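Q: I would like to go through this model with you. Could we start with the overall fold and then turn to the ligand?

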Amino acid sequence: MERLRELMVKNQIEARGVSDLRVLEAMRKVERHKFIPGHHVASAYEDHPLPIGHGQTISQPYIVALMTELCELKGNEKVLEIGTGSGYQAAIFSLLAKQVYSIEIVDPLAKSARQKLKELGYHNIEIRTGDGYLGWPEKAPFDVIMLTASPPKIPQTLIDQLADGGILVAPEGDFTQELIKITKNKGTITKKTVTYVRFVPMIRGSE
Ligand code: SAH
């Protein structure tokens, strides 16, 4: 599996231009196959998303690496992830930031990710079941916020929970989705489109 992971990083990630050495190292370290349900384990290092149950998917490895690189993590950050899913992205963050918070709307997914991350020895991650549209106000502000499900429009609540100098990375849109990066500097919001992506929709829990 280690060999397959090496090849994944070399052929799918470095070859496509991800160059942040810390991100590449984290992608080499985290045992992606341990986050994939039994019958799909053999495909864990292939170049595409995979089902993780409850109609949800774990993203293609390249997209995880690209989005993580966009977060520009140095090691001291407080990160919020929306859409815990399998817990894989949270594990990657765990190696690159100081503290990771992750919100998942499907309770069984939140529970199994929490259990898995504990088993694998990741200690700086807190997961809660809840609606990502509301963020996690008690823990705000966050240096980095990442959405791994696509809202029609980035919720203002999440932009409000971004620290000054913070970065938010997310898919945005319904059918056509853009991968966007938002930065906040002294209250000024800058938004740029990085590429086009296809994520599961961000479900509305409250309303
Ligand atoms: N980051 C995950 C993949 C996430 S797939 C991983 O590494 O495996 C997107 C996840 O977002 C799904 O698990 C889905 O249940 C969750 N989700 C959808 N809408 C949500 C919402 N409003 N709040 C929190 N999580 C949500």
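Q: What radius of gyration does the chain have, and what would a compact globule with 207 residues have?
A: This is a predicted model. A compact globule of 207 residues would have a radius of gyration near 17 Å, and the chain has 16 Å, so the value agrees with that expectation.

Q: What are the dimensions of the box that the C-alpha atoms fill?
A: Taken along the principal axes, the box is roughly 45 × 35 × 35 Å.

Q: How many helices and strands does the chain have?
A: There are six helices and nine strands.

Q: On to the ligand. Which residues come nearest to the ligand?
A: The ligand has 27 residues around it, and the nearest of these are E81, S86, E104, G132 and I203.

Q: How much of the ligand does the protein bury?
A: The ligand taken alone exposes 580 Å², and the protein buries 99% of that area. The space that the ligand takes is the largest pocket.

Q: Which elements give two or more residues to the shell around the ligand?
A: They are strand 2 (56-58), strand 3 (78-82), helix 4 (88-96) and strand 4 (99-104). Strand 2 gives the most, with three residues.

Q: What is the make-up of that shell by class?
A: The shell has 13 nonpolar, eleven polar and three charged residues.

Q: Changing topic to the backbone: where is the cis peptide bond?
A: The cis bond joins A140 and P141, with omega at about 0 degrees. P141 is placed in the loop between strand 5 (125-129) and strand 6 (142-147).

Q: What is phi for H54?
A: H54 is not a glycine, yet its phi is positive, at about 55 degrees. H54 lies in the loop between strand 1 (50-53) and strand 2.

Q: And what is phi for E72?
A: Phi of E72 is also positive, near 55 degrees, in a residue other than glycine. The loop between helix 3 (61-70) and strand 3 holds E72.

Q: Why single out such cases?
A: Because most residues other than glycine have a negative phi, and most peptide bonds are trans.

Definitions and conventions: Residues numbered from 1 in each chain as written. Predicted model: local features only at pLDDT ≥ 70, side-chain atom pairs only at ≥ 80, totals over all residues. Heavy atoms only, no water. Near = heavy atom within 4 Å. Areas by Shrake-Rupley, 256 points an atom, 1.4 Å probe, with all protein chains shown as cover. 1 Å grid on protein atoms, 1.4 Å probe; cavity = no way out; pocket = protein on both sides within 12 Å on 5 of 7 lines; lining within 4 Å. Sits in = over half its atoms within 2 Å of the grid points. Helix = DSSP H or I, 4+ residues; strand = E, 2+ residues; numbered from the N terminus. Nonpolar A, V, L, I, M, F, W, Y, C, P; charged D, E, K, R; others polar. Rg over C-alpha atoms; globule rule 2.2 N^0.38 Å.
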